Each structure stands twice: as C-alpha cells, then as structure tokens.
Amino acid sequence: MFAEFCKEETEMEIEKLVEAQRKYFRTGKTRPVKFRREMLLRLRRSLFDHEKMLAEAMYEDMNKSRLEVYMTETGMVLDEIRFHLKHIDGWVRPKLRRTPMVQFPSKSFVRPEPRGVALIMAPWNYPIQLALEPLVGAISAGCTAIIKLPSYAPKTSEAVARVIEDVFPPEYIAVVQGGREENRTLLDQKFDYIFFTGSREVGKVVMSAAAEHLTPVTLELGGKSPVIVDETADIRLAARRIAFGKVLNGGQTCVAPDYLLIHEDVKEKFITAYREAIGEFFPGGDMSDMNVIINEKHYARVSRLLKDGRAVVGGGTDSSRRFIEPTLLDQVSPDSDIMKEEIFGPILPMLTFRRLEECVEFISSRPHPLALYLFTKSRVAERKVLGSCISGGACVNDTIMHLATSRMPFGGVGDSGMGGYHGKSSFDTFTHYRSVLKKSNRLDIPVRYRPYSDRKENLIRLLMK
C-alpha cells in the first residue's frame, strides 16, 4: 500500500513539474536572446562554483581522476557554453530566403523557434557531460528542460542536481532522480522533444513512448565501434591512441574501440606496443587511479567476457573494488559473446585480417557502429574504408577525439542512434525552423483565383518555370 502511494505521489509530482514548465514556456520568458545568454552564464558560474564537488562525486562513484573529470566532463561542457555564447546572437536571427516569382510580391524568411518543453535523459557513464551538454543546446534554443539523472551514479547525480538547483527555478530547468519508475512516469508525459543517451534496448522503449505523443527524439546509442590497423600504420602510435580510447573512463565510453581488426603481419608488433603503452600510462603497474566498473552487475558481466579469448596483455581483476585491468584478447571467435554485445569495459578483443576488403565486409555485415577508427598511412585505404563502411562518426589515426569539438555534430546512424548535437547542431536539435511568407497587401495578382482559364494556366506555367 505504501509503495503504491509513493508511486502515485511520484507521478503527480512529475505531472505537475511538466505542466509548470509548459506554463512557464508559454509566458515567452525563455525566448529573448538576452535571457538565454544569462542562463548560459548562470550554468557556467555554477559549474565553476561546484567543480570540486563534481570531481569528488565522480571519484566516489567510479574512481575517476580529477584530470579526467575535467577533460571528459566539466571542461567539455564549459567549452560548449563558450561556443554557444560566441555564436548564439547569429543563430537566433531570422534568415531571409529567396522568394519565387510566383509568390510576388512577398518576403520569405525562416525563424528559429524553441521546440518547447524538453526531456533530457542522461546515462551513468559520463553523467556530467551527457546531462549538461544537451542542456546547453536546450537553453541556447530557448526551451525549458527536465533532466533525468542516472541512478547508477548516485553521488554524481546529486552533485549535478545541486549545480542545476542552485541557479535555475524548477519551472525552467529541473532535475528528476530515481530509477525505472521515474523513467516510466516521465515517458508517459507529453514533451515537445526527448533527448536520450543510453543503450539500444532502452532507446527502443523511449522511441516507442515518444511515438504515443508524436514527440520527436534524438537517440544517442552505442554499438560495437571497430578499429582497423593495417600494415602501413605507425604501430607504436596506433597502440598508444587505441589504449587511450580503451582505458578512458575504464572503457565505459559509448565510442570506445570495441574490437580490433589487425593486419596479421603487424599483430605481434602491435601486442608489444600495446603492452608498452599500458606500462607508460601506469608506471610501475600502479592502476589505483584508473576508473572502476560502475557496479557489481556490470562488473560481473564484463568479467565473464574475459573467457572469450586469451589475454596477451592484462587480464587481471579485483572483485573487491570492481576493477578490471586493461586487457588485449587474442584467439577470439567472431561468434563469441564479446563480439556480439557492447563491452563497456577495458577489454579489447582482437581479430586478424589479410586483405582490407575482409574488414569492410565484416563491419558492413553488422549493425552500424557509433564510431569507426582506422590507422593507416594509405590514402587508398582511407578512401576505401570511409567510402564503404557506415558509422555515426570516425577518426583516422586516432580514437575518441572526433567528438571533442563544438564545430562538428556528434551522433549515431541506424542502430547506433539518430540525430546529432554539439555546437550549432545542439541549437538545431532543440529548435524548430519555422518558414514564414509575408505577403504584401499592396498588390493582389488574381491569376491563382477561380475561375480558371487557359490564359491563367499559361501565365502560371510561365511564372513557375
């Protein structure tokens, strides 16, 4: 009885929150560019004020180092805010469009309009960045927003809630914490836009719920992002940059290299270089500052994947603190579990190839990944892979870094998601571009009006050429 009462209370609170935001949006207060700029500045101030608290929270949740928190979370959000503050004045202006002769005399323009009340659903793996970067776009576009924070990173969710609640009234920007019940209640509401980051399975649930209200969505999902290393690659550099992408956040990154396709001629050299790169990252083998797996459930799942191959680098685990060493697996079957599911841990399975066409065929036969990585010195190989394999984004001779910019959109394709954001694309995501035709009252050409005639038809055909 008590649980049912709590459930009803939660539903009522969320319904009231959505209605309060809709009422606030209708006042028009979020539309002036001056207001949007001030709100972005408030968010920036709050991030600076709470930077230490955020870093401490991430350390408690995931053993994440302070430098990595800034590099992959707080710093990225601050950089995004700077970019929006620099460009927002130009983005919000109506844009004139050429008017066809048949519409004479009139003026055509496109007005960027905020979509309205947005729901942002953030995951646990980058709970600061993936909650607040979409929020920057929502604020910049003139929307109100409710952020659903992840339950798997409780300390960080509390810290992010503090960042928001200290500077924004809930009728404008609000946070909701909790688990599946809160997710379900939120998805039962009618929003004007939903921005979801998470797994493919939950993405289907979000899209299905959005369809009930005909709500547009952005889905930032994951997938198995391949990395190809051909025989021309700088092996030492490739190993270092791949290891960076795999070790970052303990491998719990949606664009982490998920499996390696290595040319058989350079396989042994790569294994040695990968082992050396890990040794350089962790002098003396001290991995005490590396991220741990988020919880026991995920630790058990990722640990089980170690059995799908032979560890030629790493392979150690520590269940007492949910730690898994950076691991390179050899002798992996393409049909094993580790090649079927997204790993979300610091394990890299390795397969060999002889011809580049084998890689293209293998990648193309699987769901489109969120990222694709190629290490090569060959322009021919670059054109071949980028021209044949579909992915959300890609790097040539690096990993991860294609998303660390406000000047390119980041997003998936097919099974890895839909829509994109970062920079102008974030503004666009939360914006409806309304086409407006302003007709003159001074002249009314009667050619379009009934009764129709051959003469009118000839004139219409002439005007519409």
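Predicted model: local features only at pLDDT ≥ 70, side-chain atom pairs only at ≥ 80, totals over all residues.
Residues are numbered from 1 along each chain as its sequence is written, and side-chain values use heavy atoms, with hydrogens and water left out.

Let me begin with empty space. Rolling a probe the size of a water molecule over the atoms shows where such space is left. On a 1 Å grid over the protein atoms alone, a pocket is an open set of points with protein on both sides within 12 Å along at least five of seven lines, a cavity is a set where a 1.4 Å probe fits but cannot get out, and lining residues have an atom within 4 Å of a point. Grid points are joined across faces, edges and corners, and a volume is the space filled by probe spheres set on those points.

The largest pocket has a volume of about 1600 Å³. Its lining is made of 50 residues, and those nearest the centre are Gly-198, Ser-199, Arg-200, Glu-201 and Val-202. Two or more lining residues come from each of α7 (180-188), β6 (193-197), α8 and α11 (296-305), where helices (H or I, at least four residues) and strands (E, at least two) are DSSP runs numbered from the N terminus. By class, this lining holds 22 nonpolar, 13 polar and 15 charged residues; here Ala, Val, Leu, Ile, Met, Phe, Trp, Tyr, Cys and Pro count as nonpolar, Asp, Glu, Lys and Arg as charged, and the others, Gly among them, as polar.

The second largest pocket has a volume of about 330 Å³. Of its 13 lining residues, Glu-68, Val-247, Phe-281, Phe-282 and Asp-289 are the closest to its centre. Both α4 (66-91) and α9 give two or more residues to this lining, and the largest share, three residues, comes from α4.

Arg-236, Arg-240, Ala-273, Glu-276, Ala-277 and Glu-280 line it, with four of the residues coming from α10. The class count for this lining is two nonpolar, no polar and four charged residues.

Turning to the backbone, a cis peptide bond joins Phe-104 and Pro-105, with omega about -5°. Phe-104 lies in the loop between β1 (95-97) and β2 (106-114), and it is partly exposed, at a relative accessible area of 48% (buried means under 20%, exposed over 50%, and partly exposed in between, with a 1.4 Å probe and protein chains only). The bond from Arg-450 to Pro-451 is also cis, with omega near 5°, and Pro-451 is found in the loop between β20 (431-439) and α15 (454-463).

Finally, Leu-214 has a positive phi, near 55°, in a residue other than glycine. Leu-214 sits in the loop between α8 (200-212) and β7 (217-220) and is exposed, with a relative accessible area of 77%. Asn-397 has a positive phi too, near 65°, and is partly exposed at 27%.
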